[in-house]
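Please look over the sequence and the model shown below before reading on. The report after it is meant for someone meeting this structure for the first time.

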Amino acid sequence: GAHLPRVPSGARFAEAAGICACERPWLRRQLSSDQKAAVRAALAACRLVVESYPTDGADAQAPKQYVDDLLAKTQRWVDNPSNTNKEAVRSALDTTRMLHAWQGHAESAHFWILEAVDHASLAVWAGERSSYIIPLDFGTCAARSIACVLHALLLQGTAEAHAVDMLTG
């Protein structure tokens, strides 16, 4: 069966075993052959944690409305993968955000939730060349989204085995 490696507490993004799970062969196989399936998997993972994202804005890097809107537009693309819906997802992504979870905020679950949502949206327009931001392939973007959700679940106190089951079950 699928097994995600242990994510060291406080690990920097580039060193965190969970985010490197995108390189694990089983995950790549599961997410690399069907873009809609990969985006659906990332959305399902995001839904496990999105309700715990701060709503008051004081603790959040981005407003909850941003997270909800990006998830809704991403779901709209899954339901109807048109160019119009892809462009709506792309234009909704905040490309100006300077702080990321792996930049000194690795212990903040809401930063990982925001990263998960952003990476799920990147899976929609992965490989698009008409922007200065060129996401990796959709499978890697989806896997990173799922790994970010794993980080959030662990930081929220979910037991590792249960978090992995939630994501792979």
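This is a predicted model: local features need pLDDT of at least 70, side-chain atom pairs count only at pLDDT 80 or more; totals for chains, interfaces and linings use all residues.

Residues are numbered from 1 along each chain as its sequence is written, and side-chain values use heavy atoms, with hydrogens and water left out.

The protein has 7 helices and 0 strands, where helices (H or I, at least four residues) and strands (E, at least two) are DSSP runs numbered from the N terminus. Of the 169 residues in the protein, 49% are buried; buried means under 20% relative accessible area, exposed over 50%, and partly exposed in between, with a 1.4 Å probe and protein chains only. The accessible surface comes to about 8,100 Å², and 50% of it belongs to carbon and sulfur atoms, the areas being computed by the Shrake-Rupley method with a 1.4 Å probe. Among the contacts (heavy atoms within 4.5 Å) with a separation of 6 or more, 64% come from residues 24 or more positions apart.

Helix 6, residues 138-155, has 18 residues and reaches 26 Å from its first C-alpha to its last, close to the 26 Å expected at 1.5 Å a residue, a span defined as 1.5 Å times one less than the number of residues. Because 15 of its 18 residues are buried, helix 6 is largely enclosed by the rest of the structure. Ile 146 lies in this helix and counts as buried at 10% relative accessibility. The C-alpha atom of Ile 146 is separated by 5.8 Å from that of Ala 45, although the two residues are 101 residues apart along the chain. Helix 6 is followed by Gly 157, whose phi is positive, near 95°.

The count of salt bridges (a side-chain nitrogen of Lys or Arg within 4 Å of a carboxyl oxygen of Asp or Glu) comes to 2, and they are set out here.

| Salt bridge | Closest N and O atoms |
|---|---|
| Asp 68 and Lys 64 | 2.8 Å |
| Arg 90 and Glu 87 | 2.3 Å |

Asp 68 and Lys 64 both lie in helix 3 (residues 64-79), 4 residues apart, about one turn of the helix; Asp 68 is partly exposed at 30% relative accessibility, whereas Lys 64 is buried at 11%. Arg 90 and Glu 87 both lie in helix 4 (residues 83-92), 3 residues apart, again about one turn. Arg 90 counts as buried at 17% relative accessibility, and Glu 87 as partly exposed at 36%. Arg 90 also lies over the face of Trp 125, at 5.9 Å from the ring centre, the rule being that NZ of Lys or CZ of Arg is within 6 Å of the ring centre and within 35 degrees of the ring normal.
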